[in-house]
Amino acid sequence: MLVYKMPLMIAALMLITGCQNNNNPGENTWRVIGPGGGGGVLKPTVSPFDENFVMTHCDMTAAYLTLDGGESWKMKNLWTVPEDFEFDPVDQHTVYVATRGYRHSEDRGSGLSMLFRSENRGDSWRIIYPELDKAKKIERLQNTDYLPSEIIDGALDGTIDKVKVDPADHRRIYLGLAPLRFYIGSGNQNDDDSAMLVRSVNYGHNWELLVNIPGKNVKAVFPCSIYGHPGEVIVFTESACTRVNENTGAITSLPLPVESIIAAEAGHDKDGALFYIQSRFENGNGKSEGGMYVSRDLGRSWTPSNNGLFKDVPEGMVPSFRQGLAVCETKPAVAYISTMSPVKNAAGILETIYCILKTESGGDKWKPVLLSSTPGGYITKNFEGSWMEESYDPGWGGSPIDLAVAPGNPDICYAGDNGRGYKTIDGGKTWKQVYSHKLPDGSFASGGLDVTTCYGVHFNPFNKDHFFICYTDMGLFHTFNGAESWFHSINGIPRSWQNTCYDLTFDPEVEGRLWSVWANAHDLPRTKMFGRWGFDRFKGGVAISEDHGLHWQKSNEGMPENSICTNILLDASTPVNSRSLYVSVFDKGVYKSSDGGKSWDAANVGLGDNLFAWEVRQNAEGRLFLLCARGERNRETVDGVIYYSDDAGSWSQMDLPEGVNGPHDLLIDPTNPEIMYVSCWPRKDGDKDVHGGVIKTEDGGMSWRQVFDERVRVNAAGMDPDRPEIIFINTFQNAAYRSDDAGNSWKRLEGYRFKWGQKAVPNVNHPGMLFLTTYGGSVFYGPAEGIPGAFEDIENMPEAWW
């Protein structure tokens, strides 16, 4: 065995961080590990009773709750993606979460929109909409293409955009429903459908449709009782402002100053109500139109509110909005917005300034309270960051997507952007991140706001406390103290590659040597990535490190610069100084190196039209396998396939069972090369999912049998390193499973309910412990037996619906 001398820096890191290691954390619970942050942080919402009680969600299914102002967060998994939050205006312990519904697709399945209520500050949740007592008996809702009305008698075929509790009577709850749509893309939606206003007058025990509302997306719902008009509700959609008479159902259209709005918010004080709307700026006839507007007469008339928004913007250009707009409910003269402004810097070069602006005068004047840009950094020098701010420029997070003001304190404002959450407690004078904690040794530990996708967990064969997590959107992190804290491992990786590290492998005989594969195309192989522009516009490649991942250098000679590298395999039987390596390159097939990664050649002889190369595997006899994922080309499905080869000189296609076209992961028994498991994505047949789950062969692929429910989207499988009959799978459907008899029977790992799971990785250094990587919630770590009887956030979820 060839062993390099351990660098002094590594030895120092192990000494410093070793004292933090509790050796085997999480033995009796599931906990989320990682540095924190990394994905979109949306809809922060602050309790009117407790400024430290805040809820938010990511764009990857989980909700998050803090009771200490963002120092720590708890993840809540409520079956599907949160859409809106609402605190009860009377009971300080009660909070609502509305979740998104969506039509069925082969990639994501389907989702039923629900309203959850917690009466104990988020500890537990109950479904109060739709009405469960009217439910029909249907199993695995995610695997069926049914409308809500086909699942629950009398249910409305829509998805909740907004939830609002009447401040004058908290028994009255209003829901703004949008027409049901597909999770991504438009599909075959009915253009005649419109938004709906739904009401309960008895604390959510029963619901009724009040009226259909012009528009498709509900932006805001304002009960008018607090404004002195009981029995009326004002509803904003993207294209209309409508006043509803609850008693008669009559609707009155109120004039909007623009054709379409982005956001609407309001507040109320002794001077009455103050409404704000945000719309896209347009240039026309030599002048700009649109932007911000305010109304002081309940939407009957509007006044432009753009003073201060054009500071330093060149003539003929305009700022743009995302949707960040927050109004202090009790002091509505104070509001915050986020913009992106084109500004010329001192060198005369146009750059984008990411702005948070504030008004204290009801929109008469806006002033910046946070300014940043990619070349200029934090221009206002009032931002305290964490690992993101050390590794990336402000353009990585961009301008806030959403903002939230404490209802009773206009000095407290939360912001969420593409990768982090942050807040001010002094009216914008200073801002501080709320996603991660920097430790004295320079490492980082999550505060619980873990909001991004990860692919694998990879163990250093020479140090049980040193391992890596490969991430989407934030590259690669490693720990030297068994997951207590983390360092970013991107030093030397080209900036254009750093978005996603898909995989890495260690040399088992050379301490400190490892290879990693990268791309700036994230979230593969999800269907959303198969656009009409193809994959040649992305960049990526292979990198090598000789010092445990502290530094990297490119190692991709012979490989195109636009290579989306998704998996790397080291043939450990080859000479230590001339290792054979294989890399799957998405839409380009396989590349092989015979010199330890110094140079690469395509190895695609025998491959068919599908070159969506996703995984390369090798069995104990040296045979290679290539899994090419299911995808799309010209909007037509390209079936997934598996190939095999004994030397990568020529590939042959493996026969899969008829109908199986979504192979997603290949697991090979290291003690018996004839035994293999394929995790599969289903396809749609009529109104149901089929040909997914897990299939198994015991004769090297000559024959197969179904060993796990064909309806389920199974992302990947893992195997106990000491007992190959113990198999774990992680699914895209709120569950992971374990089999103790080589797939003949399965039990769910209780305590884990993250919506979109990725891989199951047994901890090779701590038997009985398991890592579950996720598509949007970092990595769960806990007992490989699960936690029998663990409470899983929702009190009354019908078991068959999962």
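How many helices and strands does the secondary structure of the chain come to? I counted 3 helices and 68 strands, taking helices (H or I, at least four residues) and strands (E, at least two) as DSSP runs numbered from the N terminus.

**Entry 1. Ground rules.** I note that this is a predicted model, in which local features need pLDDT of at least 70 and side-chain atom pairs count only at pLDDT 80 or more, while totals for chains, interfaces and linings use all residues. Residues are numbered from 1 along each chain as its sequence is written, and side-chain values use heavy atoms, with hydrogens and water left out.

**Entry 2. Overall form.** Along its principal axes, the C-alpha trace spans about 80 × 65 × 55 Å.

Entry 3. Of the contacts (heavy atoms within 4.5 Å) with a separation of 6 or more, 54% join residues 24 or more positions apart. The chain exposes about 29,500 Å², of which carbon and sulfur atoms supply 47%; the areas come from the Shrake-Rupley method with a 1.4 Å probe.

**Entry 4. Charges.** I recorded 74 positive and 103 negative side chains, with the centres of the two sets 4 Å apart. Lys and Arg count as positive and Asp and Glu as negative, while His and the chain ends are not counted. The place of a charge is NZ of Lys, CZ of Arg, CG of Asp or CD of Glu.

**Entry 5. Nonpolar cores.** Which residues have the most contacts inside the largest nonpolar core? They are L524, F535, V542, I564, V583, F586 and F771, in a core of 112 residues. Such a core is a set of buried Ala, Val, Leu, Ile, Met, Phe, Trp, Tyr and Cys residues joined through side-chain atoms within 4.5 Å. Leaving aside neighbours within four places in sequence, I listed the contacts of F535, including L524, M529, I564, F586 and F612. In soluble globular proteins, nonpolar side chains tend to be buried together.

**Entry 6. Backbone details.** I found a cis peptide bond from L524 to P525, with omega near 5°; P525 is in the loop between β43 (514-519) and β44 (540-545). The bond from Y129 to P130 is also cis, with omega near 0°, and P130 is in the loop between β11 (126-129) and α2 (148-151). R140 is found in that loop between β11 and α2. Its phi is near 45°, a positive value in a residue other than glycine, and R140 is buried at 16% relative accessible area. S778, in the loop between β67 (769-774) and β68 (779-783), has a positive phi near 60° and is buried at 2%.

**Entry 7. S545.** Is S545 buried or exposed? At 1% relative accessibility, S545 counts as buried, and its place is in strand β44. Beyond its neighbours within four places in sequence, S545 is in contact with G512, R513, L514, L550, H551 and W552. The C-alpha atoms of S545 and G492, 53 residues apart along the chain, are separated by 9.3 Å.

How values were computed
Buried means under 20% relative accessible area, exposed over 50%, partly exposed in between (1.4 Å probe, protein chains only).
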